[in-house]
Each structure stands twice: as structure tokens, then as C-alpha cells.
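Reader: Please take me through this model one question at a time, and give the cut-off for each term where it is used.

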Amino acid sequence: MSRGILFVVSAPAGCGKDSILEKALSKDINLTYSVSATTRTMRAGETEGISYYFKSREEFEKMIKDGELLEHTEYCGNYYGTPKQTVEEILADGKNVVLKIEIEGAGNVKKMLPEAVLIFILPPSMEELSRRLHKRGTEDEETIQKRLKQAETEISCAHSYDYVIVNGDLDAAVNDFVSIIKAEGFRAERNAELISGLNK
Ligand code: 5GP
């Protein structure tokens, strides 16, 4: 059995990455979501072990020290990290894994595992992103302006990703995402066949 593929998705806040992932994960594309660990506080509607593994700073720092994380970063004053063993086990089981992480973590994963496939989700325009953030109504104007500045910085790194999806229409963006997962799966299968052919 060949190993699964590691996919990494990044997007600025308000670009719809949660919605795209939620819809894509409900499809039959052999994709498992990797739950991250974080020190940030749980938000309304979140569940331990599904949204995140919520940790104290001490617990998180012990995970770093014990080498339990594939990558980790500090973002807006909180630690975030990807548990190594779970990802390893799922990939070894031939299943694809998707990480939903920010740009620094994505870059670190690509350095460690160049075969990882990086996908960036863009808003159709900065005007539309601003409109969506205002429409959410969850943050004050100052926070929204900070998020828009942060989005500009993140978007300037999109060129280093393997794929870029523009989320103008959610269903179209989900289709694009699913097509990438399937195409990369076909490519991995073909490479595995070529290699096994060469070894005969
Ligand atoms: P939030 O607090 O809004 O859930 O996440 C903040 C940012 O941290 C998002 O960009 C999210 O994708 C990123 N993030 C979540 N988990 C991880 C992780 O394990 N590693 C890294 N590097 N970033 C993460």
C-alpha cells in the first residue's frame, strides 16, 4: 500500500477555508483532517479533540520539548502545532491528511517534507474580503483593519504554494479543492506504479 499524501491549506481569516474544508471532508476523497494543538482559549461552538486539542502553555511546551510536534508556531500570542504521531500513522495507513495551518507552519512543513502539497485560498478581492469581515460582525473596526493588513502579508506568500484557489463561489472552490486532491492521488498512484515497474 502506498503512503497517503500530506496536504496543507492556508488562507487569511474570512477567505472561507473552514467552509471549503468542511464540505470537502464530507466527500469520498480519502482525506482526514489533522486536529492541531493550541494554547488559545476555546471559542463558542468549538469541541475539544475536534476543533483543537486545547493545552496550557506548560503542556504545549512539554510537547515541543518531547518532539511530539511536526511543526509549531506562535500566532497572535498563542501556540499552535501539528501532532506528529497521528499524521504519521494516518499517512502510513495510506490515507491522505490535510493540515489547516498558517503560512509559517506551511513553509516549515514544505522544508521538512517537500512532497507535501500546499494549497492557498484567496478571496476574490481585498474589497470582498473586507465586506465579508464586516458582514461577520464578530470583530470591531480596529481588529478588522488588523486582519486586512495581516491578510495582505499572507497573500504575498501565496506564490510559494503549489496551488491557489480563489473562493468567489463556495461550491466552485470546493470543486477546485476536490479536483486537486484527486489529481494528486492519481499522480501518486502513477508514480508508485512506475517505481514498482522499474523494480521488477
Ligand atoms: P484560529 O485561532 O483562528 O483557529 O487559528 C489561527 C491561525 O492558526 C489560522 O491561520 C490557523 O490555520 C492556524 N493554525 C491552526 N492550527 C495550526 C497548527 O497546528 N500549526 C500552525 N502553524 N498554524 C495553525
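**Cores, sheets and ligand**

Reader: Which residues have the most contacts inside the largest nonpolar core?

Author: In this predicted model, the largest nonpolar core has 26 residues. Such a core is a set of buried Ala, Val, Leu, Ile, Met, Phe, Trp, Tyr and Cys residues joined through side-chain atoms within 4.5 Å, where buried means under 20% relative accessible area, exposed over 50% and partly exposed in between, with a 1.4 Å probe and protein chains only. The residues with the most contacts inside this core are Phe7, Leu31, Val98, Ile119, Phe177 and Ile181.

Reader: Which element gives the most to this core?

Author: At least two core residues come from each of strand S1 (6-10), helix H1 (17-25), strand S8 (117-122), helix H5 (126-136), helix H6 (141-155) and helix H7 (170-198); helices (H or I, at least four residues) and strands (E, at least two) are DSSP runs, numbered from the N terminus. With 6 residues, the element that gives the most is H7.

Reader: How many residues are in the other core, which lies apart from it?

Author: Leu118, Phe120, Ala158 and Tyr161 are among the members of this other core. Its total number of residues is 17.

Reader: What pLDDT do local features need here?

Author: Residues are numbered from 1 along each chain as its sequence is written, and side-chain values use heavy atoms, with hydrogens and water left out. Because the model is predicted, side-chain atom pairs count only at pLDDT 80 or more, totals for chains, interfaces and linings use all residues, and local features need a pLDDT of at least 70.

Reader: Which strands are the edge strands of the open sheet of 5 strands?

Author: The sheet has the order S2-S7-S1-S8-S9 with parallel pairing, two strands being paired if DSSP finds at least two bridges between them. Its twist averages 25° from one strand to the next. The edge strands, each of which pairs on one side only, are strand S2 (31-33) and strand S9 (163-166).

Reader: What is the bridge partner of leucine 31 in S7?

Author: S2 and strand S7 (residues 96-100) run parallel and are joined by 3 bridges. Within S7, leucine 31 has as its bridge partner asparagine 96.

Reader: What angle does the direction of helix H3 make with that of S7?

Author: Helix H3 (residues 84-92) packs on the sheet and touches S1, S2 and S7, contact meaning heavy atoms within 4.5 Å. Axes are lines fitted to C-alpha atoms, for helices over the stretch in contact, and angles run from 0 to 180 degrees between N-to-C directions. H3 also lies across S5 and S6, running at about 30° to S6, whereas with S7 its direction makes about 150°.

Reader: What phi does cysteine 76 take in the hairpin of S5 and S6?

Author: Strand S5 (residues 69-75) and strand S6 (residues 78-83) run antiparallel, joined by 6 bridges, and the hairpin has 2 residues between the strands. Most residues other than glycine have a negative phi. Cysteine 76, which counts as exposed at 65% relative accessibility, takes a positive phi near 50°.

Reader: Is serine 36 buried or exposed?

Author: Serine 36 is found in the loop between S2 and strand S3 (37-38). Not counting residues up to four places away in sequence, serine 36 touches Tyr52, Tyr53, Gly81, Thr82, Pro83 and Ile101. With a relative accessible area of 7%, serine 36 is buried.

Reader: How far from a nitrogen atom of the ligand does a polar side-chain atom of glutamate 71 lie?

Author: Of the 15 residues around the ligand, with a heavy atom within 4 Å as the cut-off, Ser36, Arg40, Tyr52, Tyr80 and Glu102 come nearest. Glutamate 71, whose bridge partner in S6 is threonine 82, has a polar side-chain atom whose distance from a ligand nitrogen atom is 2.7 Å.

Key
Polar contact = N/O pair within 3.5 Å; in protein donor to acceptor, adjacent residues only side chain to side chain.
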